[in-house]
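Subject: Structure handover

Hello,

The structure you asked about is below, with notes on what was found in it. Please read the notes with the coordinates open.

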Amino acid sequence: MFRYCTALLLLLPTTFAHADIFAPFRDEDGSTKWQYVANFSSGVLIILLTLAALVLFIVWRRARGYNHELEEIKANLESRVKERTARLEQEVSEHVVTTGRLQASEAYIQNILSSMPLVLVGLDREGTITQWNPRAEQLSGIKAINAIGRNLWAIYPDITLKPSHIEEALQKNETLTLRYSQPGSYYMDITVYPLENYSEPGVVIMVDDVTRRVIAENMLIQHDRLASMGELATTMASDINKPLQAILFDLRSFHSLLESATFLQEGGKQKEEVARLHRLLQNAAEHGREVESVIQNLLEFARGRTTAPANASVIDIIEHSVDLAGEVLSLPNAISFSEVKVERHFESDLPKVPCYVTELQQALLSILRYSLSALNDKVTLQQEGFEPTLKLYASRSYDSLSLRIQHNGVGLSSEEQMCLFEPYPHHAENEMASASGPEKRLSFAFYVITQQHRGHMAVTSDPAVGTTFHIQLELN
């Protein structure tokens with residue numbers, strides 16, 4: 001309406017632009033009636049002012065309505081802001097609590113990983129390290145900051161674990177357990193766990209040092225075995241000793257009767273026969289004393305060692321073991337030890353070694369028996385031109401005596417070398433244990449060399465070339 005009034009006021013001058021606006025207010029004589037003009041103008045002005053007031057009132061009402069709506073909008077916005085702020089504050093407080101818990105959990109997990117006595121390594125499918133705990137740092141000498149994000153085999157190629165083991169654990173989704181050992185030094189159980197419910201495939205490797213446990217178990221098995229052997233040896237020695245003592249007593253009595261005989265004629269043929277019988281009896285008595293000595297050694301071994309080690313020539317012990325092997329070692333439907341070519345490579349003037357002769361001979365005899373079995377396996381393959389050969393080496397190395405027994409029979413695989421010196425369990429729990437039976441073990445010889453004589457024993461082998469047993473005995 002205000003726009004219409006304004007337009008009307010603007011159009012009035014235009015309407016009366018070409019006419020005399022005072023014509024209605026003139027008399028016949030042409031004089032102007034100013035009173036009428038003033039009344040008309042006042043009326044028009046009042047009408048305009050009324051219209052303007054009406055327009056302003058309408059505008060004020062609209063403005064008041066707008067202000068009311070704006071205040072409601074403002075109040076609504078303020079209410080929403082307060083609610084949102086309160087919600088944000090609550091979410092922030094919850095996030096703070098959650099962050100604190102996560103930090104505490106992370107610190108707790110890190111503390112567990114740092115305190116674990118086991119080596120823990122995390123790998124992804126490509127072999128990249130994702131976790132490297134302090135025990136892994138100690139064992140490898142590589143800091144975690146230099147290990148995480150790099151390939152395991154690139155920074156630590158000496159590890160026994162292979163990429164194929166990781167792939168096998170991931171494909172089968174099963175835990176994989178391996179045994180890594182250096183007999184006499186350390187034993188490690190390596191366990192590979194595939195990760196489950198994780199976006200990226202990977203594994204966790206745990207390496208447990210079980211050296212003390214394995215050594216304790218080996219010693220317990222050896223003590224049980226020695227106890228059984230002692231009982232058997234005691235029974236056999238007692239059974240053999242009684243008739244042997246009777247034979248020796250009869251021989252001594254008969255020998256005394258021959259020496260005291262006075263009815264023999266000088267130079268007669270009867271005297272020659274008696275002299276011959278006398279020599280035979282002397283030989284029988286000497287053989288009987290040898291058997292008595294063997295039984296005495298067997299009894300000492302059964303009762304347990306109570307004497308100090310004696311200084312003995314290792315060359316004599318080796319030769320005696322070889323002679324004994326030639327007499328007693330043989331396999332059914334196989335070659336005998338006497339058919340094996342024995343080469344000796346001994347240094348001269350070797351010093352004597354403090355040892356327990358009987359036990360050392362038994363250990364060497366076990367190695368010779370094992371070598372004979374490997375040689376026979378290669379003979380069975382019917383290789384033309386093969387000559388079973390056994391090489392014996394003895395030399396001095398600083399403050400110790402080094403022995404080597406080498407054969408050119410069937411060698412050992414890496415798995416067989418790992419379990420060669422370990423006792424054979426009565427119930428094989430894994431494929432490695434069941435793959436090599438007790439006849440494929442040298443745990444007793446290893447026990448005698450390393451525990452009874454405080455020496456060292458190791459093996460090097462190639463399946464196509466043969467095997468060498470290394471023995472080191474301290475001179476002092």
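Strands β1 (residues 119–124) and β2 (residues 129–132) run antiparallel and are joined by 3 bridges. Strands are DSSP runs of E with at least two residues, helices are runs of H or I with at least four, and both are numbered from the N terminus; two strands pair if DSSP finds at least two bridges between them. G122 has Q131 in β2 as its bridge partner. The two strands form a hairpin with 4 residues between them, and G127 in the turn has a positive phi of about 90 degrees.

This is a predicted model, in which local features need pLDDT of at least 70 and side-chain atom pairs count only at pLDDT 80 or more, while totals for chains, interfaces and linings use all residues. Residues are numbered from 1 along each chain as its sequence is written, and side-chain values use heavy atoms, with hydrogens and water left out.

Helix α13 (residues 443–452) is largely enclosed by the rest of the structure, because 9 of its 10 residues are buried. Buried means under 20% relative accessible area, exposed over 50%, and partly exposed in between (1.4 Å probe, protein chains only). Among the buried residues of α13 are F444, Y447 and Q452.

R454, in the loop between α13 and β11 (456–462), has a phi of about 55 degrees and is exposed, with a relative accessible area of 60%. D349, in the loop between β7 (341–346) and β8 (353–355), has a phi of about 60 degrees and is exposed at 78%.

Lastly, the surface. L54, F57, I58 and W60 make a nonpolar patch of about 370 Å². I58 is placed in helix α2 (residues 34–115) and is partly exposed, with a relative accessible area of 34%. Patch residues have over 30% relative accessible area and no salt bridge, with nonpolar side chains (Val, Leu, Ile, Met, Phe, Trp, Tyr) joined within 5 Å and like charges within 9 Å. A salt bridge is a side-chain nitrogen of Lys or Arg within 4 Å of a carboxyl oxygen of Asp or Glu. Accessible areas come from the Shrake-Rupley method with a 1.4 Å probe; for residues, only the protein chains shown count as cover.

Regards
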